[in-house]
Amino acid sequence: MTSGAADFEALLRRALAPVEPPADLAQRLTLMLVNLTELAQDELESWELSAMRDPRNWVRPAAAAVVGTTAGTALVLLRVRARHRARAAAGGSLRELAERTLQDIAEETRRVLPDR
């Protein structure tokens with residue numbers, strides 16, 4: 001019975017071993033989020049206000065708004081988190097780190113939002 005328990009523990013250790021993500025995962029995720037945000041913006045820009053009279057036409061722009069907002073928010077957070085990690089590793093005071101992180105959030109939000 002003990003060899004069975006040891007085998008089970010070994011199998012469990014192998015199954016739960018940490019897996020390193022691919023090196024280009026962040027880059028691929030960023031590209032996908034940028035594409036989703038741009039597609040949602042294009043969909044909303046191409047939509048005509050005259051079609052708002054019929055509630056059946058509200059699904060596509062509502063979905064585009066949700067997808068665009070979600071992808072844009074995730075894109076901002078992904079970029080800011082990468083900068084935050086680099087700054088935290090470099091050292092400095094907590095206040096400076098927090099101030100710079102807030103500035104990064106504002107800067108990335110302006111980059112993601114369409115020019116209006």
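This is a predicted model: local features need pLDDT of at least 70, side-chain atom pairs count only at pLDDT 80 or more; totals for chains, interfaces and linings use all residues.

1. At 46% relative accessibility, Arg28 counts as partly exposed, a class that lies between buried (under 20% relative accessible area) and exposed (over 50%), computed with a 1.4 Å probe and with protein chains only. Its salt-bridge partner is Asp24, with the closest N and O atoms 3.5 Å apart, and Asp24 is likewise given as partly exposed, at 33% relative accessibility. A salt bridge here means a side-chain nitrogen of Lys or Arg within 4 Å of a carboxyl oxygen of Asp or Glu.

2. Residues are numbered from 1 along each chain as its sequence is written, and side-chain values use heavy atoms, with hydrogens and water left out.

3. The structure holds ten salt bridges, and one of them pairs Arg13 with Glu9, whose closest N and O atoms are 3.7 Å apart. Both residues belong to helix 1 (residues 2-15), where they are four residues apart, about one turn of the helix. Arg13 is exposed, with a relative accessible area of 58%, while Glu9 is partly exposed at 43%. Helices (H or I, at least four residues) and strands (E, at least two) are DSSP runs, numbered from the N terminus.

4. A salt bridge also joins Arg79 to Glu108, with the closest N and O atoms 3.0 Å apart. This pair links distant parts of the chain, since Arg79 is in helix 3 and Glu108 in helix 4, 29 residues apart. Glu108 is buried, with a relative accessible area of 0%. Through shared partners, salt bridges join Arg79, Arg83, Arg100, Asp104, Glu107, Glu108 and Arg111 into one network.

5. Leaving aside neighbours within four places in sequence, Asp104 is in contact (heavy atoms within 4.5 Å) with Val80, Arg83 and Arg87.

6. Helix 2 (residues 25-46) has 22 residues and reaches 32 Å from its first C-alpha to its last, close to the 32 Å expected at 1.5 Å a residue, where the expected span is 1.5 Å times one less than the number of residues. Its buried residues are Leu33, Thr37, Ala40 and Glu43. Seen down the axis of helix 2, these fall within an arc of 125°, so they line one face of the helix; the arc is that of the directions from the helix axis to the C-beta atoms. Helix 3 (59-90) and helix 4 (94-112) are included in what covers them, whereas Gln27, Leu31, Leu39, Glu45 and Ser46, on the other side of helix 2, are exposed.

7. For the chain as a whole, the secondary structure comes to four helices and zero strands. The radius of gyration is 22 Å, well over the 13 Å that the globule rule gives for 116 residues, so the chain is more spread out than a compact globule; the radius is taken over C-alpha atoms, and the rule is 2.2 Å times the number of residues to the power 0.38. The C-alpha atoms fill a box of roughly 75 × 45 × 20 Å along the principal axes, and 15% of the 116 residues count as buried.
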